[in-house]
Amino acid sequence: MQLRLYDTLTKEKRPFTPLDPSNVRMYVCGPTVYDFAHIGNARPVIVFDVLFRLLRHLYGADHVTYVRNITDVDDKINARAVRDFPGLPLNEAIRRVTEVTANQFYADAAALGSLPPTFEPRATDFVLPRADGKTDMVTLIRQLIARGHAYEAGGEVLFDTASMPDYGALSGRKLDEQRPGARVAVDAHKKNPGDFVLWKQSSGDEPGWESPWGRGRPGWHIECSAMSAAYLGEVFDIHGGGLDLIFPHHENEIAQSRCAHGTPAMANFWMHNEFVQIEDTKMSKSLGNFVTIRELLADWPGEVLRLNMLKAHYRSPMDWTLKGLEESAKTLDDWYWVAADIKGGRPSDAVIDALSDDLNTPQMVASLHGLRNSAASGNDLDRSQFAASLRLLGFLSESAADWKARKQQASGIDAKQIDSLISDRTAARARKDFKESDRIRDELAAMGVVIKDSKDGTTWEVAR
Ligand SMILES: [Zn+2]
């Protein structure tokens, strides 16, 4: 089946044809590294990793370039640096904040079963012209000024939204709809209220770079225009991110990139994942339900979080619940038991077809359940396709034994003691002492161990 993806810009699901099948190019906006990533941040990490893996499967692992940036220049980072490292010079304090948070983000993404992107550039490395000639922010801003799309006013360089006739096409916002009514005093230097900052001056106690417009720092949007062009060229295949980035961030990226390069498009597909809510409630710090990936990883294997996320389609809101996590954990225990020790094989067409339909992961999970049942009833081809599909999707990173051992460790259960109780119970059943065998079963249940009898003997697992 031909890959089809939903494009936020044209509002339709269209067949995906890469500009260059030997180098399929995707850019996804990464985190602003000032705090631990929360479960809402995990969604684009997992969703676009699945797309990355699908593209590698379809076009070849060496023919896909995936760029995810790190935003390490931001006023929230400055504030955090001043708060957490009051004794240090600002640049040093910022470096400490961003280094710790970026490393934690890399660790979280890996624990969630995500491959590292091909490139993970940091904004601070792309502010000034570079020795390697890759696109940088200052050069892009100069180009925008030279082409009549940006102007200096009030100590800032601003993008002139009126210079772009179709500004607003991605979000569907018209310029005169934005901020109706009188201009607020702070915006009086702007030609239009929708004009946005490309460069702003820094005071002495703010981080800054020397530029043609004085010592200052870039606006947020220009970094992605620079880093995407640096690694993927002026026009590329897919640009992704969370729904909240459509406006203003992606709208402004499009304006900057198209106007600086004089191209009719920045990316051919714009993909956006929906939000995550917790137990039917919007996640927020004030509600106390702001769950970090790190906290979840303390209680659950990363693959459980990954499967749980993929049970919802990326364009639907995700309701993150304890019940859902428990079900996902049970499913993975079973999948490990059926497939983890099967190597080789190729992924199932049903799984690839489901993903090729705009990443229909609920359908993909349904296909996996079908393969699992067929595998468990003795179909070895389906068992091998089941295992290969799970590996393609970032599951089964451990052996079945390691998975089980880790779960036991997490729940403080002694496997030797269980095995000995189970053999006592088997002996009791053999001598038809059902009172004793029931007593042992109840003792195991009280320890949180569920046993399953089959013609091949008795297996057990830890109930959550
Ligand atoms: Zn971005």
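Domain bounds here come from an automatic or database domain assignment. On that basis, the chain splits into domain 1 (4-273), domain 2 (277-401) and domain 3 (413-462). Welcome to a predicted model, in which local features need pLDDT of at least 70 and side-chain atom pairs count only at pLDDT 80 or more, while totals for chains, interfaces and linings use all residues. Residues are numbered from 1 along each chain as its sequence is written, and side-chain values use heavy atoms, with hydrogens and water left out.

**How two of the domains meet**
- The centres of domain 1 and domain 2, taken over C-alpha atoms, are 30 Å apart.
- Between them, 30 residues of domain 1 are in contact with 35 residues of domain 2, where contact means heavy atoms within 4.5 Å.

**A four-stranded sheet**
- Helices (H or I, at least four residues) and strands (E, at least two) are DSSP runs, numbered from the N terminus.
- Four strands form an open sheet in the order E4-E3-E10-E11, with parallel pairing; two strands pair if DSSP finds at least two bridges between them.
- Strand E4 (64-68) and strand E11 (267-273) are at the edges with a single partner strand each, so one side of each has no neighbour in the sheet.
- From one strand to the next, the twist averages 20 degrees; axes are lines fitted to C-alpha atoms, for helices over the stretch in contact, and angles run from 0 to 180 degrees between N-to-C directions.
- Strand E3 (residues 24-28) runs parallel to strand E10 (residues 236-242), and three bridges join them.
- Within this pair, Met-26 of the sheet stands opposite Ile-238 in E10.

**Two packed helices**
- Helix H1 (residues 39-59) packs against helix H10 (residues 349-356) at an angle of about 120 degrees, and their axes are 11 Å apart.
- That makes H1 oblique to H10, since angles under 35 degrees count as roughly parallel, over 145 as roughly antiparallel, 65 to 115 as roughly perpendicular and the rest as oblique.
- On the H1 side the contact is made by Val-50, Leu-54, His-57 and Leu-58, and on the H10 side by Ile-352, Leu-355 and Ser-356.

**Backbone details to look for**
- A cis peptide bond, with omega near 0 degrees, leads from Phe-247 to Pro-248, and Pro-248 lies in helix H6 (residues 246-261).
- Glu-279 has phi near 45 degrees, a positive value in a residue other than glycine.
- You can find Glu-279 in the loop between strand E12 (276-278) and strand E13 (281-282).
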